[in-house]
Amino acid sequence: MEFFCYHRDRPASLSLRLELAEEHWSYMDQYAKEMIARGPTFADDGETPTGSVHILDLPDAEAARAFAFDEPNYQAGAYRDVLLRRWRNLLGRTMWDFPDVPGGWTGGNRYLVIGLGAGEPADLTVPPNRDVLIAYGPLLSDDGTGWLGTAALLQAPDPDTARAVLTSDRYADIEVHNWDFGGRPS
């Protein structure tokens, strides 16, 4: 089962996150094989962390809740909340399989786009601009049958272009966050 997990930072928690960096990385190392995508979100300055995205393939909802709520930053109070939803990987790949497009891993702007559903399901197929998508799929109810929205990680020139990956009038709200590829620093 695939799950989308977005931990949002509590204001002024950067020092706590820095203090817990090694605990966070050691914790994430345990889930390396299950990761589909991961990485931090940032404020408009591109430097101040605002959250942490993890998309994983886990055995069940209990394992997903354990992953989300046992995470050291969450346990220490660095995060203000967690969005945890079933998810479906419509690309059938991980972020490590991201195509070699202009900018690739090192250039360009990357974004997390979260559309919170309103009404009938939307955007259930991969958009035509697949080569800019790093991860894409619907957010689902706990049993996997109800559509709650859509989440995407993508490369785009700006936030408005990133937002346009979703059909705007089909969502109660669409969030766009600066995002970057994650993983233990080398």
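**Entry 1. Overall fold**

How many strands does the closed barrel have, and in what order do they run? I worked from a predicted model. I traced a closed barrel of 8 strands with antiparallel pairing, in the order β1-β3-β2-β8-β5-β7-β6-β4. From one strand to the next, I noted a twist that averages 30 degrees.

**Entry 2. Strand β1 and its neighbour**

I looked up the pairing of β1 next. Strand β1 covers residues 2-9 and pairs with strand β3, residues 49-57, in the antiparallel sense over 7 bridges. Opposite glutamate 2 I found aspartate 57 of β3. I then turned to helix α3, residues 61-70, which lies across β1, β2, β3 and β4. Its direction relative to β4 is about 155 degrees.

**Entry 3. Histidine 7**

Is histidine 7 buried or exposed? I located histidine 7 in strand β1, and I recorded a relative accessible area of 0%, so the residue counts as buried. Its side chain reaches the backbone oxygen of alanine 68 at 2.8 Å. Leaving aside residues up to four places away in sequence, I listed the residues that histidine 7 touches; among them are Thr50, Gly51, Ser52 and His54. The list also includes Ala68, Glu71, Tyr74, Tyr79, Asp81 and Val82.

**Entry 4. Salt bridges at arginine 8**

I counted 7 salt bridges in the structure. One of them joins the side chains of arginine 8 and aspartate 81, at 3.3 Å from N to O. Because arginine 8 belongs to strand β1 and aspartate 81 to strand β4, this pair ties together parts that are 73 residues apart in sequence. Arginine 8 is buried, with a relative accessible area of 12%, whereas aspartate 81 counts as partly exposed at 26% relative accessibility.

Which glutamate also meets arginine 8 in a salt bridge? I found glutamate 175, with an N to O distance of 3.0 Å. Glutamate 175 lies in strand β8 (residues 171-179) and arginine 8 in strand β1, so the pair ties together parts that are 167 residues apart in sequence. Both glutamate 175 and arginine 8 are buried.

I next examined glutamate 22 and arginine 184, whose side chains meet in a salt bridge at 3.1 Å, N to O. Glutamate 22 sits in helix α2 (residues 21-29) and arginine 184 in the segment after β8, so that I recorded a link between distant parts of the chain, 162 residues apart. Glutamate 22 is partly exposed, with a relative accessible area of 47%, and arginine 184 counts as partly exposed at 36%. I then traced shared partners: salt bridges join Arg8, Arg80, Asp81 and Glu175 into one network.

**Entry 5. Strand β2**

Why is β2 described as largely enclosed by the rest of the structure? I noted that 7 of its 8 residues are buried, and therefore the strand is largely enclosed. With β3, strand β2 pairs in the antiparallel sense over 7 bridges. The hairpin of β2 and β3 has 6 residues between the strands, and there I recorded a positive phi near 75 degrees for glycine 46. On the other pairing, 2 bridges join β2 to β8, and these strands run antiparallel.

Technical notes:
Residues numbered from 1 in each chain as written. Predicted model: local features only at pLDDT ≥ 70, side-chain atom pairs only at ≥ 80, totals over all residues. Heavy atoms only, no water. Pairing = 2+ DSSP bridges. Helix = DSSP H or I, 4+ residues; strand = E, 2+ residues; numbered from the N terminus. Axes fitted to C-alpha atoms, helices over the stretch in contact; angles between N-to-C directions. Contact = heavy atoms within 4.5 Å. Buried < 20%, exposed > 50% of the residue type's maximum accessible area, 1.4 Å probe, protein only. Polar contact = N/O pair within 3.5 Å; in protein donor to acceptor, adjacent residues only side chain to side chain. Salt bridge = Lys/Arg side-chain N within 4 Å of Asp/Glu carboxyl O.
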